[in-house]
Amino acid sequence: MSLLLPNRHLKTSSSLAVHAARLYKQLESTSTVGTAWLTYKSILPDLPFERFVLTLDVLVALKLLEFDGSVLIKVVGRNAA
């Protein structure tokens with residue numbers, strides 16, 4: 001069973017892809033992990049920290065988010081290498 005994309009066993013609202021999109025939309029261009037966690041909790045209050053980490057992993061894997069030390073940087077409008 002996939003957690004990334006919705007399917008017959010996983011509602012769209014529970015998929016990591018949707019969580020990643022919602023978080024990405026709400027994040028500032030730069031933020032700390034702590035600030036991103038607070039943002040995540042404000043939009044998805046019932047989900048645990050582990051799900052937040054998986055959501056960040058999706059954004060990093062898609063090259064939409066980068067880490068610079070403890071700072072998260074949104075990749076906006078530039079080509080990811």
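Is Tyr40 counted as buried or exposed? At 0% relative accessibility, Tyr40 counts as buried, a label that stands for under 20% relative accessible area, with exposed meaning over 50% and partly exposed in between (1.4 Å probe, protein chains only). The model is a predicted one, in which local features need pLDDT of at least 70, side-chain atom pairs count only at pLDDT 80 or more, and totals for chains, interfaces and linings use all residues. Residues are numbered from 1 along each chain as its sequence is written, and side-chain values use heavy atoms, leaving out hydrogens and water.

Tyr40 is a handy way into the aromatic residues. The structure holds 5 aromatic pairs, where rings of Phe, Tyr and Trp (its six-membered ring) pair if their centres lie within 6.5 Å; planes under 30 degrees apart count as stacked, over 60 as edge-to-face and the rest as tilted. One of them joins Trp37 and Tyr40 in a stacked arrangement, 6.1 Å centre to centre with 20° between the planes. These two residues are 3 apart in helix α2, which puts about one helical turn between them. Helices (H or I, at least four residues) and strands (E, at least two) are DSSP runs, numbered from the N terminus. Trp37 is partly exposed, at 21% relative accessibility, whereas Tyr40 sits at 0%. Tyr40 also pairs with Phe52, this time tilted, at 5.3 Å centre to centre and 55° between the planes. That pair links distant parts of the chain, with Tyr40 in helix α2 and Phe52 in helix α3, 12 residues apart. Phe52 is buried too, with a relative accessible area of 0%. Ring pairs tie Trp37, Tyr40, Phe49 and Phe52 together into a cluster.

Next comes helix α1, covering residues 16–26. Its buried residues are Leu16, His19, Ala20, Leu23 and Tyr24. Seen down the axis of α1, they fall within an arc of 130°, so they line one face of the helix; the arc is taken from the directions from the helix axis to the C-beta atoms. An α-helix has 3.6 residues a turn, so residues three or four places apart point the same way. The buried residues of α1 pack against α2 (33–43), α3 (49–61) and β3 (71–74).

Then there are the strands, which pair if DSSP finds at least two bridges between them. Strand β1 (residues 30–32) runs antiparallel to β3 over 3 bridges, and Thr32 has Val71 as its bridge partner in β3. β2 and β3 also pair in the antiparallel sense, over 4 bridges, with Lys74 in β3 as the bridge partner of Leu65. A hairpin with 2 residues between the strands is formed by β2 and β3, and Gly69 in the turn has a positive phi of about 70°. The charged end of Lys74 sits over the ring of Tyr24, 4.4 Å from its centre (the rule asks for NZ of Lys or CZ of Arg within 6 Å of the ring centre and within 35 degrees of the ring normal).

Finally, Phe67 lies in strand β2 (residues 65–68) and is partly exposed, with a relative accessible area of 45%. Beyond its neighbours within four places in sequence, Phe67 is in contact (heavy atoms within 4.5 Å) with Val33, Leu56, Val60 and Leu72.
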